[in-house]
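Reader: I am new to this structure and would like to go through a few of its features step by step. Could you begin with the term I will need for reading who touches whom?

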Amino acid sequence: MGILFSFEGIDGAGKTTQVALLADALSGRGHKVTCLREPGGTALGEKIRSLLLDKSDEPPVPVAELLLFAAARAQIVATRVKPALERGEIVILDRFTDATFAYQGFGRGLPLEQILSVEAIAAGIEPARTWFLDLTPEQSARRREARGEASDRMESEADGFRSKVRDGYLERAKRHPERIAVVDASASLESIHERILADALGILAA
Ligand code: Z5A
């Protein structure tokens with residue numbers, strides 16, 4: 001059986017960058033690594049991603065949003081994540097269930113019991129380690145400005161929304177201290193990578 005890792009954080013926290021660095025480092029040590037992103041990672045999931053992230057005159061209501069993220073997750077878990085784990089691979093996810101807890105639970109204010117029920121249906125598996133790259137909404141805004149790209153529907157939310165999402169991640173980390181490592185995302189790329197790689201190698205060796 002393989003091993004599942006995930007990265008979390010508000011937009012601009014550095015997840016995609018750190019996923020790539022970790023995947024390269026582990027591949028270089030001879031591991032077979034599969035990287036996937038949520039929402040997406042499957043044909044169906046990429047279509048759902050557009051429904052969720054494209055700006056629209058009729059955006060999904062919070063419950064519809066929750067269920068669309070869950071549908072994309074059910075598809076990727078069944079058709080990509082579990083098969084890769086069964087082949088003994090390391091799977092690295094750019095976002096997973098903690099994102100729903102933070103964004104739909106704290107950001108949108110949906111009841112947490114609903115979030116956890118849907119999570120049990122759509123995922124049913126847990127990463128061995130999740131790195132929550134913790135950045136303040138102000139730091140996130142500076143990175144987004146520096147990047148200068150047009151924002152999608154979720155990225156267009158105000159900093160107050162990001163602040164609630166961050167609180168959601170911190171609450172989730174409090175509930176799962178054995179799984180979720182909170183990493184200061186304002187540190188340098190290299191120092192974050194070194195810390196995460198050491199942690200991942202420790203888990204793989206155990
Ligand atoms: N969402 C949800 O609501 N519920 C769910 O269940 C799930 C998702 C699964 C998906 O976006 C959206 O869906 C997301 C949450 C919601 N919405 N928001 N907002 P996504 O995950 O595909 O995209 P994102 O979070 O918006 O990605 P991002 O903005 O690209 O962020 P990132 O991957 O964390 O960061 P990055 O691309 O690696 O880095 C951003 C920039 O910062 C880049 O220029 C880097 O070079 C720079 N960077 C990275 N690390 C550093 C450090 N350490 N120092 C300085 N600069 C750095």
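Author: Two residues are in contact when they have heavy atoms within 4.5 Å of each other. Please keep in mind that this is a predicted model.

Reader: Which residues is Thr 97 in contact with, leaving aside its neighbours within four places in sequence?

Author: Thr 97 is found in helix α4. When the neighbours within four places in sequence are set aside, the residues in contact with Thr 97 are Glu 8, Arg 73, Glu 119, Ala 123 and Arg 172.

Reader: Is Thr 97 buried or exposed?

Author: A residue counts as buried under 20% relative accessible area and as exposed over 50%. The relative accessible area of Thr 97 is 3%, and therefore Thr 97 is buried.

Reader: How far apart are the end C-alpha atoms of helix α3, and what span should its 25 residues have?

Author: Helix α3 covers residues 62-86, and at 1.5 Å a residue its 25 residues should span 36 Å.

Reader: Where does α3 bend, and by about how much?

Author: Among the buried residues of α3 are Ile 76, Val 77 and Val 81. One of these, Val 77, is also where the helix bends, by about 45°.

Reader: What is the volume of the largest pocket, and which residues are closest to its centre?

Author: The largest pocket has a volume of about 810 Å³. Of the 35 residues that line this pocket, those closest to its centre are Lys 15, Thr 16, Arg 49, Arg 95 and Glu 155.

Conventions: Residues are numbered from 1 along each chain as its sequence is written. This is a predicted model: local features need pLDDT of at least 70, side-chain atom pairs count only at pLDDT 80 or more; totals for chains, interfaces and linings use all residues. Side-chain values use heavy atoms; hydrogens and water are left out. Helices (H or I, at least four residues) and strands (E, at least two) are DSSP runs, numbered from the N terminus. The expected span of a helix is 1.5 Å times one less than its number of residues. The bend at a residue is the angle between axes fitted to the seven residues ending there and the seven starting there. Buried means under 20% relative accessible area, exposed over 50%, partly exposed in between (1.4 Å probe, protein chains only). On a 1 Å grid over the protein atoms alone, a cavity is a set of points where a 1.4 Å probe fits but cannot get out, and a pocket is an open set with protein on both sides within 12 Å along at least five of seven lines; lining residues have an atom within 4 Å of a point. Grid points are joined across faces, edges and corners, and a volume is the space filled by probe spheres set on the points.
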